[in-house]
Amino acid sequence: MTIEGTLKTAPPNERLFHPDASIVLVGCRGAGKRSLGFIGALHLRRRLITEEFYFQQVIGLSRMQFLEKHGKEEFNRRNDEVFKRMLDENRNRCIIECGMSSFSEEAQGCLRLFSKTNPVIYVHREEEEVLRILGSPDGERILRADERHRACSNLEFYNLFDPSNSKSAPTGSAPSSNGWESYKATPSSLLHAKQDFTRFIDFITGQWLTKLFLESPFTVRAVPPEFRQYSFALRLRLSYIVKMDLKWEDFEARGDCVELIIDHWPDNIMNKIAKAVAQIRRKLAVPIIYHVEENPRGERRRTAEEKAKVDTELIELGLHLAVNYLSLDLQRKDIPIREILSHRGRSKIIGNYWNVGLMCTPWSSECQVRDYQQAKALDCDLVRMVRFCSGDSTSEALQEFREKIATTIPDPKPPLVAYDFSVLGLSTPLQSRILNPVKHPDMENDREHLATVCTATNVFESLFSQSQMDPLQFYTLGADVSYSLSPCMHDIAYKFTGMPHIYSAKQCSTLEDLNRICSDASFGGASLTAPFKVTIVPHLNLKSHHATVIGAINVLLPLRGRTNYILDHVNSRNKSGIANEFYGDNTDWSSIFTCLQRNISPRNYVRASKTTALVVGAGGQARAAIYALIQLGCRNIFIFNRTVQNAQLVASHFNDWAEKQGIAPHKGGIAQVCHVLPSISDAWPDGYEQPTMVLSCVPATSVDGNPPADFEMPAQWLRSPTGGVVLELAYKPVVTPLVAQLQVHRDRVQPSWVVVDSLENLCEMAVETFELMTGRLAPRRLMKEVHGIVMEEENPWVSEKDGLHAHLNHLDHDLPPTPTSVTLGSPVSPIDTRDHAGSSSQQDNDHLLKPPPYSGPSSNSQLDLLTPALQGNRQQAQQAAQQQKYPGLPHLNYRLYSPPLFELSSDCTTIKSAAPHLSSTVRALVSLIRAQSTVPPKPQIHITGKRGHKVDFAIKLNLMSLLVPEDPRQRMDYIRCAKSGEAAYRGGTRPALEPDPGDDAGLEEWARRFVCDKSTVKEFVLERTVVNLDKDWLEGQVRGLVASMAYGGAVTVTFPVTHARVVVQNPDRVSNFFTGLTALFVGKSTYEVVKAVWPFATCSRGEAVESGGSRECAVQSEEQWWKEWSQPIKFALASRRRGWVTNEDKLEAIMEGKGKGVSTVNWGPSDQ
């Protein structure tokens, strides 16, 4: 079948707009037009025009004011006039955001005319999200009317809900109560929406791909799939997507592009397709081939009229969504092919020919050549020819057809995709070099007739087994690479993609050594570290645009192409041979750019004239950091380096380049982008805002015999009122002095600072390096997961999921053995041997006084638990520790009460986690318990008065401050482990005396036993307990006070303790229900052998009286506390309060005398 004679030439493309043509956004309120307009205007450097503001600017009144003054009829007339004027006067270099006026017929008529010369984008999103934002009973009606915007627009953008926006705190808000959420580096607001929309407008304006190839041709996304060495199209059907059993993330790097096949017609099909396209773009970030299947399997048979109408609308929808490729069946006579081709815009057209059925046209037929020529005449960008094979065709016949096309059809000609298939799918894999159809290995779909068994991984494995590609050796090279985490990430990516490459870290200090490694025929590429990043630049003839500007290289690739065309070199990756030329690129800048873009808050968005940044260092990484800042739009960059001359050289390099590019700010008559700060003692320069981006590019370890920089920000450079982002690029150790300092500064002074350690940047860099070296998409999520696991193994305090370094960064991960003794700084009475660690009785707890010889301090001082980087300078560490304090609150790390991966019980007594690493790694568990032991439980007094059913008062007081002295060195808390002869949960289902590891066993031994326990359900418990507080005396004082107020009801005085237990449980093996059922019938192996003891005093009041010895309290005695709080308590009781009595009440009692005049109270009638 052919279409010879129906169409001879391609129609003109009516949707190729001028690059400067203004872009109009239409849609209902709540779709996100204003946010997208702002994002687009910043990205394209255009003016943002909003309909509301334009109306007020033209008329002099807001629309509401005009409506109230002139009435509805006059308002509608003037509104339509202003709307038309807004479009007519702003046809170029604007982003125009339309309001509700676009719902009128007159406005939609104007938009239809405007869409002939300009992009008009219909913006919509999830219906439930719009209804939530609208909050109107007319929401459903508005949404139905909103769909009319499809008819007056020529493009469509589905604005997926962005979870990064829901996490962002309001401007100026306090840190979240969730410790981890407030602690980690969170993405900036609307990060995903920004990436989605900027890619979309780059595509429709045609500004992206050509620029990307010219700047860095080895980047995977710089080369379209049809021009790559090999490429694979992952086939996803709409019928599968609507009920998919895999997550979108599971499809990452499974193909070079996704072919979305419309083979199903669910309700609300237009919006479901638009959402599917948006999800592919966001989750997979690959080009999309959009194909409407004429006769899909498993669907009802449609009439010819329905098929023609529906399929035409669906094909037009694909073009509206600006898909990368539209797959168009040129044999169909029921769809308007000429009209569709005229609306192609920037979408490439794949001209399809499906030869199906028995006795179909063989490859040797001239009809096949004529079909190809017809597709070429129609300006198709690719031609796909698929033939059903019933054993009547050979691979040689297909190869002969390809050679005929290559030799007989003159250039330029579209790439050919051709293959045979049978009832079992492709007859053989790799029949075509490009766009081979593949599937996910775990996906089953009985409708799929092409990719039934082929996956990208197994096809790639066959390429190596057939020697069409060669195993290569990749490296990280530098003077100190022993700590490199790159090999583990690259190796797992090789396995995922089916490539038998090897990646290793190799010490190399001279150019001679480097040249010897690169001269090997199996050399595939290298990541370069010091001292090569700058020194190798003069030795390379070919470099990316970025590396040339930066003047530093961190990725070195061999060039093995047979011609001088760069694309030939690009497609010669994964092949061995002696290389005479090498190519240099830089991924440092792009990974830094990504990290900054992800973490800059909306308050600190980059403004060329105002935003200021600080770069610490003057090496290759500092150069990349400066370039990343310039690419972000920052034009005020300050450099500090301890060798000022080096900083001046780097500044001169970028100032000269910026002047040539015309991007120097000429601020104050000075044409400079970069400035040098000679000393950290200097004040921040006048006339410039405080820096909101700080990038530390100095190594944390010694280099060339020089001591590490150990840079910390001077206080006078840390006064940004809106905070900012600090990016640390050294990752050995992860918590450098700068990271520790800024974390404390953020908690104490300015919560708007985001601290990003080097691990995030390292992962981004590894992903980009893998893609440069291999030409394959990286399994980004898998590489990051492996990176996290390796970091956890080397540093157990790092979470496998989110990076627990933010939670435990003050811990020394090289934990010393538990001390055999501890001194509390004050005399204590002997330990009572009658106490039991497993007992919960008050008598036992009150005798947990002196730490036994085999237990260790939870924290004799917070200084002992600071990072190794700070331990080197104890005075500095002490100052940092003292900074972490909130006015009016005890000196504690409050984030420890809500650590990541833990859940707080409803009664606030217990936090619990089933994080796998805590029950499988001894050092991780020990680190956690030691950290959790540094904060006390929350003891309270609850006083309730009732007469019958009537509650007269119910007050609560927090006693936690009585356990934590101002001076951390005077703290009395310690860790106590169960000793011989004590009944405790020792790994069984009930308290027992066995197993008994002996009195020398400490926390580490019990943690080891727990980790090695193979029980189905097991848990390790830390109990925080308060001792030596005389509750009886305090209760007596309270009751006497209430009686003095003539209260005749029932009084209850209790002393509850919250935040008292930390529980670690092994993960559910099947489900939470299964775990609970197993624990019910089999029991759980419980380890409740460790207590964090928080003494109120060195001994109880009774013991001090009996022995005649002294009694020292951690903060103050019961008598002193009662003297301070009796009046506030009396006033609260007299006021019939229900709630907390706080320091504010104490202040009012002291300053205003509240409570002094209270004697008896008229309590009124009781409720009997």
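Of the contacts in the chain between residues at least 6 apart in sequence, what share joins residues at least 24 apart? I looked this up to start with, and the share is 77%, where a contact means heavy atoms within 4.5 Å.

**Ground rules**

I am working on a predicted model, where local features need pLDDT of at least 70, side-chain atom pairs count only at pLDDT 80 or more, and totals for chains, interfaces and linings use all residues. Residues are numbered from 1 along each chain as its sequence is written, and side-chain values use heavy atoms, with hydrogens and water left out.

**Whole chain**

I find 41 helices and 38 strands in the chain. These are DSSP runs numbered from the N terminus, with helices being H or I of at least four residues and strands being E of at least two. The chain has 1168 residues, and 56% of them count as buried. For the record, buried means under 20% relative accessible area, exposed means over 50%, and partly exposed is in between (1.4 Å probe, protein chains only). I also noted that the chain exposes about 49300 Å², and that carbon and sulfur atoms supply 52% of this area. Accessible areas come from the Shrake-Rupley method with a 1.4 Å probe, and for residues only the protein chains shown count as cover.

**Salt bridges**

How many salt bridges does a search of the whole structure find? I get 57, counting a side-chain nitrogen of Lys or Arg within 4 Å of a carboxyl oxygen of Asp or Glu.

I looked at K307 and E294, whose side chains meet in a salt bridge at 3.9 Å, N to O. This pair links distant parts of the chain, 13 residues apart: K307 sits in helix α14 (residues 304-320), and E294 in the loop between β8 (288-292) and α14. K307 is buried because its relative accessible area is 13%, whereas E294, at 26%, is partly exposed.

Next I checked E299 and R447, which form a salt bridge through their side chains at 2.8 Å, N to O. Here the partners are 148 residues apart and again link distant parts of the chain, with E299 in the loop between β8 and α14 and R447 in the loop between β14 (436-438) and α18. Both E299 and R447 are buried.

R302 and D311 also pair up by their side chains, at 2.8 Å, N to O. Buried or exposed? R302 counts as buried because its relative accessibility is 12%, and D311 is buried with a relative accessible area of 0%. I then saw that E294, R302, K307, D311, R332 and D334 are linked in a network of salt bridges.

**A negative patch**

Which residues gather in a patch of negative charge on the surface? I list E127, E128, E140 and E147. Patches are made of residues with over 30% relative accessible area and no salt bridge, with like charges joined within 9 Å and nonpolar side chains (Val, Leu, Ile, Met, Phe, Trp, Tyr) within 5 Å. Lys and Arg count as positive and Asp and Glu as negative, while His and the chain ends are not counted. The place of a charge is taken as NZ of Lys, CZ of Arg, CG of Asp or CD of Glu. I placed E140 in helix α7 (residues 139-146), and E140 counts as partly exposed because its relative accessibility is 43%.

I found a cis peptide bond joining D411 and P412, with omega about -5°. P412 is in the loop between α17 (395-408) and β12 (416-422). Another cis peptide bond joins E994 and P995, with omega about -5°, and P995 is in the loop between β32 (985-988) and α36 (1003-1012).

I also noted phi near 65° for S467, a positive value in a residue other than glycine. S467 lies in the loop between α18 (456-465) and β15 (473-478), and is exposed, with a relative accessible area of 55%. R1136 is a residue other than glycine with a positive phi, near 55°. I put R1136 in the loop between α40 (1118-1134) and β38 (1138-1140), and R1136 is partly exposed at 35% relative accessible area.

**Around A647**

Where is A647 found? I traced A647 to helix α26 (residues 644-661), and with a relative accessible area of 0% A647 is buried. Not counting residues up to four places away in sequence, A647 touches A618, I639, N641 and V676. A647 and G617 are 30 residues apart in sequence, and 7.3 Å apart in space from C-alpha to C-alpha.
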